[in-house]
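Subject: Structure handover

Hello,

Here is the structure, with notes on what was found in it. Please read the notes alongside the coordinates.

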Amino acid sequence: MGKHLVGNHIRKLRFNQDEMTQQQLADKVGVTRQTIVALEKGNYSPSLELAFRIAMAFDLPLEEVFFYGEDTKA
Amino acid sequence: MTYQEKKSIVSLFSAVLIFASYCLYMVPRYPEEGLASADTFRYWGTFVLMLALFSVIAHIVISIIFNIVYRVTTREKEPNFADELDKLIDLKAFRNSFFAFILGFLLAMGSLVVEQPLAVMFIILIGAGFVSEVTGALTRLYHYRKGV
């Protein structure tokens, strides 16, 4: 399975939010912990709806959580 | 390893265990009469219907036992809903499983064309059912580990 072009900063953002656990984030956005694991590993590109829910959970705009292709901020 | 990965492995092993134990029970009961007697047809009909029933019950029992063991060993509650990733993986598993069964079905029909005994057709058909179940479980395991 090739790496997805949609990347994210979820792991870093969780850490910055009082070390939020994967389960806590999963509960907040209404998915299972497995999905958060897959997202952080870059094994899954979320639906637009889930991407927005995750961005809202961190109280950030979408583009600060997700990026397309190479991450220019990293 | 997450709940879904463990569950895929358990369903893979339970599929093999259920099919093997059922075959071990049923194969010695194959009627000794003619190749296409009424008893032989009744035997194959019973084989398929009872396998479906036995398989459903055994899967439910194994799933309940697995959930209890999972809760006790990890002290986590299993997810009680399927999210978008689960649904996507289920769709892919169903597609591959369906493809495997259709392939087996065509092979079974092919065996009739080349004048093989009816038993061969039934064996291929039942084998295709088993292979399709294993294919579905393997697909789930693969996508939960490697991504979609």
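A contact here means heavy atoms within 4.5 Å. On that basis, among contacts in chain A between residues at least 6 apart in sequence, 55% join residues at least 24 apart.

This is a predicted model, in which local features need pLDDT of at least 70 and side-chain atom pairs count only at pLDDT 80 or more, while totals for chains, interfaces and linings use all residues. Residues are numbered from 1 along each chain as its sequence is written, chains are lettered from A and ligands numbered from 1 in the order in which they are written, and side-chain values use heavy atoms, with hydrogens and water left out.

From the N terminus, the order of its elements is β-α-α-α-α-α-β. Chain A has 74 residues, of which 45% are buried (under 20% relative accessible area with a 1.4 Å probe, protein chains only; exposed is over 50%, and partly exposed lies in between).

The interface comes next. In it, 18 residues of chain B are in contact with 15 residues of chain A. The two chains bury about 1300 Å² between them, 50% of it on carbon and sulfur atoms; buried area is the accessible area (1.4 Å probe) that two parts lose on being put together, summed over both. In chain B, the residues that lose the most area to chain A are B:Glu84, B:Leu85 and B:Val148, together 37% of what that side buries. Helices α1 (3–26), α3 (84–113) and α4 (118–146) of chain B each give two or more residues to the side that touches chain A, and α4(B) provides the largest share, five residues.

The UniProt record, an unreviewed entry, lists residues 9–27, 47–72, 93–114 and 120–142 of chain B as "transmembrane region"; its positions are given in the numbering used here, feature names are shortened, and annotations may be inferred rather than shown by experiment. In the model, residues 9–27 of chain B are 95% helix and 0% strand, with the end C-alpha atoms 27 Å apart. Residues 120–142 of chain B are 100% helix and 0% strand, and their end C-alpha atoms lie 32 Å apart.

B:Ile9 is in helix α1 of chain B and is partly exposed, at a relative accessible area of 25%. Leaving aside residues up to four places away in sequence, B:Ile9 touches B:Met1 and B:Leu141.

Regards

Methods: Helix = DSSP H or I, 4+ residues; strand = E, 2+ residues; numbered from the N terminus.
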